[in-house]
Amino acid sequence: MTSRITASSTQVIPATGDVPRHVAIIMDGNGRWAKKRFMPRVAGHSKGLEAVRAMVRACIERKIGYLTLFAFSSENWRRPVEEVTFLMNLFLKALQAEVGKLHANAVRLKVVGDLSAFDPRIVALIREGEARTSNNGVLTLTICANYGGRWDILQAMNQLALAHPEKAGVYGESDLTPHLAMSFAPEPDLFIRTGGEERISNFLLWQLAYSEFHFTDILWPDFDATALDAAIASYQTRERRFGRTSEQLLGESAVSPAPTCGFGELKNS
Ligand code: IPE
Ligand code: IPE
Ligand code: MG
């Protein structure tokens, strides 16, 4: 019998018993955190920055290789102008204050999204921060800013069409993926959304195709290392099948020993 093989770009099965290699988080609930305390919404954003610092520390301690945080979506421009201005200033101040600390902790900083909409001072700080930390290997921290999953797929399509017009009509997944904004990272193993909503809100649409999802009611400013551990514990109970059956996976592990690095190749047959 001939097996039907599709060229899926999700080729590698990480073992879920390990810590996830890549955790991607929608940091939601800042406004509600503040409202509960009779504070202005923006106070929740300031508190949320503290939670970001704690999460970076927790990921380093747990040897998670990639942490990706949704900081500002392409739709967040629709918020009141005062809130958008506050968020932009917070981003600017965070870049000024945190890049040195990230570098001291060997964290590589990446910022992905349509940066053309940002103040040139912010763009300059992003570029400087990325360049300064580019050789660090402990953790890759990616901030998604003015990011949208639809924007990402479209910009990748446009880059690909310009680079290879002769292949139009026969583009495959592996032609597109190098042009996606997060081509430097493996696909997220664990996706977390805080704040109780259970939706993707135009986050990493392509890259989350086979991620394990964890939704929690905890508001982002309250999300700490203990909450991260609960998400990881949930992740560790999952069986990632990538289209196959449980029996096939059991059969595979009987033939091939558990890979020492925690990652095994998904064979296309
Ligand atoms: C997430 O918190 C932060 C950003 C979107 C910038 P929210 O500001 O969305 O908080 P809620 O969802 O209104 O509580
Ligand atoms: C998603 O949160 C975007 C970020 C966390 C940056 P939102 O609060 O903007 O999402 P919706 O509008 O409730 O879907
Ligand atoms: Mg929200």
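By the ring-centre rule used here (rings of Phe, Tyr and Trp, the last by its six-membered ring, pair if their centres lie within 6.5 Å), the count comes to 13 aromatic pairs. One of them joins F70 and F203, which are stacked at 4.5 Å centre to centre with 15° between the planes, where stacked is under 30 degrees, edge-to-face over 60 and tilted the rest. This is a predicted model, in which local features need pLDDT of at least 70 and side-chain atom pairs count only at pLDDT 80 or more, while totals for chains, interfaces and linings use all residues. Residues are numbered from 1 along each chain as its sequence is written, and side-chain values use heavy atoms, with hydrogens and water left out.

**Sheet**
- An open sheet is formed by 6 strands in the order 4-5-3-2-6-7 with parallel pairing, strands being DSSP runs of E of at least two residues and helices runs of H or I of at least four, and a pair needing at least two bridges.
- Strand 4 (107–112) and strand 7 (212–215) are the edge strands, each pairing on one side only.
- Strand 2 (residues 22–26) and strand 3 (residues 66–73) run parallel and are joined by 5 bridges, with V23 standing opposite L67 in strand 3.

**Links across the chain**
- The F70–F203 pair connects distant parts of the chain, since F70 lies in strand 3 and F203 in the loop between strand 6 (190–193) and strand 7, 133 residues apart.

**Pocket lining**
- Helix 3 gives the most to the lining of the largest pocket, with 10 residues, and helix 1 (30–36), helix 2 (41–61), strand 3, strand 4 and strand 5 are among the other elements that each supply at least two.

Notes: Chains lettered and ligands numbered in written order.
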